[in-house]
Amino acid sequence: MKQFIIGAFCFFLSGIVYSQEKSIQIEKDTTKLDEITIVGRRKLSNYRQEKTLSSIDDYLEKSNKITMIKRGNYAWEPSMNNMNSERLNVTIDGMQIFGACTDKMDPITSYVDVSNLQKVSVGSGQSGSENGHTIGGGIDLKLSNSKYLQTGLKTSVDLGYETNGNYRVGGLDMEYSGNKFYIKADGIYRKSDNYDAGNKQEVLYSQFQKYNISVQSGFKFNDQHSLDGNIIFDKATDVGYPGLTMDVSLAKALITSVTHQYKNDSTFVKSLESKVYFNTITHVMDDTKRPIVPIRMDMPGWSDTFGFYSKAMAKKDKHDFTLNVNGFYNKSLAEMTMYPNDPNESDMFMYTWPDLRTLYSGVYAKDIYTFNENETLTTSARLGFHQNKIALLTGLESFQIFYPEIEATKNRFLSSFNANYQLRHNKYDINFGFGYGQRAPSVSEGYGFFLFNSFDNYDYIGNPTLKNEKSFETNVKANYHSGNFHIGMETSYFYVMDYIIGTIDETLRPMTIGANGVRVYDALSYARIFDVYLNTSYKLSNALSVNATLGYNYGKGSNSENLPLIKPFSYLAEISYSIPKFNVAVQLEGNGNQSQYGSFYGEDETPSYAVLNVNLGNELNISNHRLVFKYGIENILDTNYSSFADWNNISRKGRNFYINTSFILY
């Protein structure tokens, strides 16, 4: 650990010394494709966003590729290409951060808020491997850029209210920007009571409250060198999870980083960004709010991560190069204490994550070769060393009961490769891509100890002997434009070898009272996952337009069983009217019947549904200030429904009236 920190610090300094001898943000329709742009405090006139104070979860669902797995009204788990968080690489501004909950109740996306971010970059499959190894793709939550704009002091105030759940949101943003120095501070607070499903059916244990505070500051030494610091503190309490058997009394994160940036357009290396960071998470599950449980339990978890990266961007002739060297050291520990109802019985204690230490270092390289103004070829590769070590002797001895030959340390080497060809013309563009990637088992898959999964009602035991999961993928994307008409198609296919999933072990007895049995993480020979989406839009006039999206997904394992949590047929249709200072849109969204569900893995059939929404927006100028209103009605017909992504079929919100107000002071 000491050597890792010293090495990271030396690498960071060497990047500064070496630099002494871009990424382009594209505004896109958020119902399509790769990059979701978070609306900043100064960009609230972007009417594509239905709510200026939506959570990160709401924004991510605007992408075709992403589905949010909902265990409650808060902290949804992102899934991309029908693959959950174990198969994704989710980072915050390139920083690795790992949840502290064995039940996935604290995905990384839950520890930031819209006030912290500038945009969210989504890379499907191996195109998302810049910050780490992945199978399904990568999501990078980009923090705000440095701002030396000499604009002085700016302030904005945001307020939001939703009738369903009595949901309140408030935010404050203050920023000072000079020629050499800037500082930005923001905070946001969210609180919701239990919400109602359709037909006024209250969903118990769906309440939550959280606040998020961040401070970002920077100093510009000259036109080439600058230094930035960032601190984010996020705390959620009294979070209910109606899809689970336990709730959360505390989910707390501290995320810190220091970044040096070098830019010089006259040299081969155009930019060099080097960052050191530290983050720590505390997560506490308990069931004290549940009136009747077989046995009371506390399940706290902790995750600490130290890391660094140094990313260089260079240009030579027709080549645009990116080189990213990164590393991290993580400590994950979780425990469970059970309190018997009989006072004569002793409390029971065990480690559910055995103080696992993970060390990783790797290198990523990308080249964009431009043949001409119409053709480009992008190739990338990542190589990495991954080490797991069980720090607790009691944890090692517990696993040696099931795996007598294992040692405390397990080393792995990981690799990935990706290539994409793009052809553009005036009326059409087309992309062909293929890739190969590997990932190591997650902490729970490799080292989880009797983790209860309420989805299939089984206890799970990790398997330290699992092989690396491997995937071949191919994808095609095409768009055609003619006047006011647009149509696009996007499809991808994954052939995943050594696909990690739980298999029933009849010889073991569960630890959880009422569980059906025990599953041990094992690997199918392979699994096949496929998706295809069709997008179309037509502009009827300068103000009026219509667009629609259709999607189909498929997933099956080598055992001929349907994989769980595969999205069924889906659709979205929208008609929108937009003029300066006003916009309105009506949406119809829904899923078909989930006929190909994974009953072998505890999943049941989810019926079809359709939901009608309307959203509106106004902007007013008051002197030199701006006042923005976003308001509307969700689920107008008060439909009672759940989707395949709702854990244990918990119902989604019924009819909901909302309004967001933002006042920007210049």
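**View 1. Asp186 and its salt bridge to Lys184**. Asp186 counts as buried at 5% relative accessibility; buried means under 20% relative accessible area, exposed over 50%, partly exposed in between (1.4 Å probe, protein chains only). Asp186 forms a salt bridge with Lys184, with the closest N and O atoms 2.7 Å apart. A salt bridge is a side-chain nitrogen of Lys or Arg within 4 Å of a carboxyl oxygen of Asp or Glu. Lys184 is buried too, with a relative accessible area of 7%. This is a predicted model: local features need pLDDT of at least 70, side-chain atom pairs count only at pLDDT 80 or more, and totals for chains, interfaces and linings use all residues. Residues are numbered from 1 along each chain as its sequence is written, and side-chain values use heavy atoms, with hydrogens and water left out.

**View 2. Glu469 and its salt bridges to Arg87 and Arg439**. Arg87 pairs with Glu469, the closest N and O atoms being 2.8 Å apart. Arg87 sits in the loop between strand E3 (77–80) and strand E4 (88–92), and Glu469 in strand E25 (residues 469–482), so this pair ties together parts 382 residues apart in sequence. Strands (E, at least two residues) and helices (H or I, at least four) are DSSP runs, numbered from the N terminus. Arg87 has a relative accessible area of 6%; Glu469 has 0%. Glu469 also forms a salt bridge with Arg439, again with closest N and O atoms 2.8 Å apart. Arg439 belongs to strand E22 (residues 428–439), so the pair with Glu469 in E25 links parts 30 residues apart in sequence. Both Glu469 and Arg439 are buried.

**View 3. A salt-bridge network of Lys51, Glu162, Glu634 and Lys653**. Shared partners join these four residues into one network. The structure holds 30 salt bridges.

**View 4. The E29–E30 hairpin and its pairing with E31**. Strand E29 (residues 570–579) and strand E30 (residues 582–591) pair in the antiparallel sense over ten bridges. Two strands pair if DSSP finds at least two bridges between them. Glu574 stands opposite Gln587 in E30. Two residues separate the strands of the hairpin. In the turn, Lys581 has a positive phi of about 80°. E30 also pairs with strand E31 (residues 609–622), antiparallel and over ten bridges. Here Gly590 has Ala610 in E31 as its bridge partner.
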